[in-house]
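Good morning, and thank you for joining.

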Amino acid sequence: MPEGDTVWQTARRLHTALAGHVLTHSDLRVPKYATADLTGRSVLDVTPRGKHLLTRIEGGLTLHSHLRMDGSWKVYAPGERWSGGPGHQIRVILGTADRTAVGYRLPVLDLLRTTDEERAVGHLGPDLLGPDWDPDKALANLLRDPARPLGEALLDQRNLAGIGNIYKSELCFLLRATPWLPIGDLPAEHAAHLPPLAKKLLEANRDRPARSTTGRRDQNLYVYGRAPRPCLRCRTSIRTANQGDGSRERPTYWCPTCQPGPSPHH
């Protein structure tokens, strides 16, 4: 799933391609908006909000999209072959004289009044890469339910916006805490360090083509996707098990030596 840094990169790419230009072609391929025509309107900006994208369009309109697991936006030059997937997976096309943005496999696509954006993103906690970032509020949100497993709390976008499954696993490793540890049991100094550490990781990666949490050239990630290979710190085999955000299960990775505490294997 694209995480906050990837969505930030997507927004920047779309903003560079579309902002300040008039739409010469628009096609929203979802039944609810099949008759909507944005042709002739200028794109004002494309703004990320956590894992959400807000494309603001002249006339007080916002096209809200979310990539979820495998959605993507691609930008093409005139005459360039579209390569984001088969045609039936295209959900939206926004074209200018110079560029065409194509949204593939977008599970969320809404056209709303810009004044109503809060309906789409108002539930989100502070955005790790946004102007509303507030580490104290993010920490208070996380600790509101002290019995909740750390990994679940990190994935809940109502607490703080932008963390996905990869950063969840990597943050837990860096905090030396198992993802199943009740967040209220996290030592106070580690809890206080959590929001700034999360922000540091996403900011460090928002301009990188390949995500890295280790600072090493030979290995980009500490634990995510590495089971059963040895831990980079202690050489114990990395383990994996499913853990969700309260709505769906996702693979989680951890080192049982560096991250002591509760786990499904105990």
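This is a predicted model: local features need pLDDT of at least 70, side-chain atom pairs count only at pLDDT 80 or more; totals for chains, interfaces and linings use all residues.

Leaving aside residues up to four places away in sequence, glutamine 243 touches Pro149, Gly151, Glu152, Lys168, Pro179, Trp180, Arg248, Glu249, Arg250 and Thr252, where contact means heavy atoms within 4.5 Å.

Residues are numbered from 1 along each chain as its sequence is written, and side-chain values use heavy atoms, with hydrogens and water left out.

Glutamine 243 belongs to strand E9, residues 239-244. Helices (H or I, at least four residues) and strands (E, at least two) are DSSP runs, numbered from the N terminus. Is glutamine 243 buried or exposed? Glutamine 243 is buried, because its relative accessible area is 3%, and buried means under 20% relative accessible area, exposed over 50%, and partly exposed in between, with a 1.4 Å probe and protein chains only.

Its side chain makes a polar contact with the side chain of lysine 168, at 3.2 Å. A polar contact is a pair of N or O atoms within 3.5 Å; within protein, one must be able to donate a hydrogen and the other to accept it, and residues adjacent in sequence count only if both atoms are side-chain atoms. A polar atom of the glutamine 243 side chain also lies 3.0 Å from the backbone oxygen of proline 179.

Lysine 168 leads us to helix H5. In H5, residues 165-174, nine of the ten residues are buried, including Lys168, Leu171 and Phe173. Arginine 176, which follows H5, has a positive phi near 55°.

I turn now to the sheet. Four strands form an open sheet in the order E2-E3-E4-E8, with antiparallel pairing; two strands pair if DSSP finds at least two bridges between them. Its edge strands are E2 (43-49) and E8 (108-113), each pairing on one side only. E2 and E3 are joined antiparallel by six bridges, and valine 46 stands opposite threonine 55 in E3. The two strands form a hairpin with two residues between them, and glycine 50 in the turn has a positive phi of about 60°. Six bridges also join E4 (residues 61-66) to E8, with histidine 66 partnered by valine 108.
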